[in-house]
Amino acid sequence: MVDRDPTRVWVNDARQGDALAVSKLLATYHPVLRAHADARLDRRLRTRLEPEDLLQQAYLEVFRSIDRFEDRGPNAFVNGVLTIIDRKLIDLRRAQGRQKRDLDREQPAEGGGGAHSYWNLLDELYSDSRSPSGVIRREEAVGALITSMSRLT
């Protein structure tokens, strides 16, 4: 008996290393996955990333782990990706909580910043973080540097 469900065929092909099959799966379910990510991304996280950033992280995990996927029914693939998205959100919320606690412990530099602010700015400018939040922090640092330089006489 030949399976006529394209999702199951693509999953089987993807498990055998067919990258095009993975792409077809993700393209087919992208609207559902995008809506899920959009609905679950709270206001605080939206300041740091977009639903597409979250999906990109989830899709990368799908590409890396598709060979271990277990087909447990007609909606197994999409449910598996939804679970990955939810786990990514939990990880992001935990990381944001840790970062907030770390920021709460920081003591402001005396005299409005001085050298401390200078070194923070340099750290952000030369950061090699490729995460969405790292890219945004670097862009903000560049913007702050340009603004400060434009004020020089």
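With a relative accessibility of 33%, Arg46 counts as partly exposed (buried means under 20% relative accessible area, exposed over 50%, partly exposed in between, with a 1.4 Å probe and protein chains only). This is a predicted model, where local features need pLDDT of at least 70, side-chain atom pairs count only at pLDDT 80 or more, and totals for chains, interfaces and linings use all residues. Residues are numbered from 1 along each chain as its sequence is written, and side-chain values use heavy atoms, leaving out hydrogens and water.

Arg46 pairs with Asp38 in a salt bridge, and their closest N and O atoms are 2.8 Å apart (the term asks for a side-chain nitrogen of Lys or Arg within 4 Å of a carboxyl oxygen of Asp or Glu). Asp38 also bridges to Arg34, at 3.9 Å between the closest N and O atoms. Together with Glu52, the residues Arg34, Asp38 and Arg46 are linked in a network of salt bridges.

## Along helix 2

Asp38 and Arg34 both sit in helix 2, residues 19–40, where 4 residues, about one turn, separate them (helices are DSSP runs of H or I, at least four residues, numbered from the N terminus). Asp38 is partly exposed at 33% relative accessible area, and Arg34 is partly exposed at 28%.

## Another salt bridge

The structure holds 9 salt bridges. One of them joins the side chains of Glu70 and Arg72, at 2.6 Å from N to O; both residues are exposed.

## Helix 1

Helix 1 spans residues 6–15, and Thr7, Val11 and Ala14 are buried there. Viewed down the helix axis, these buried residues fall within an arc of 65°, so they line one face of helix 1 (the arc is taken from the directions from the helix axis to the C-beta atoms). Just after helix 1 comes Gly17, with a positive phi of about 105°.

How values were computed
Helices (H or I, at least four residues) and strands (E, at least two) are DSSP runs, numbered from the N terminus.
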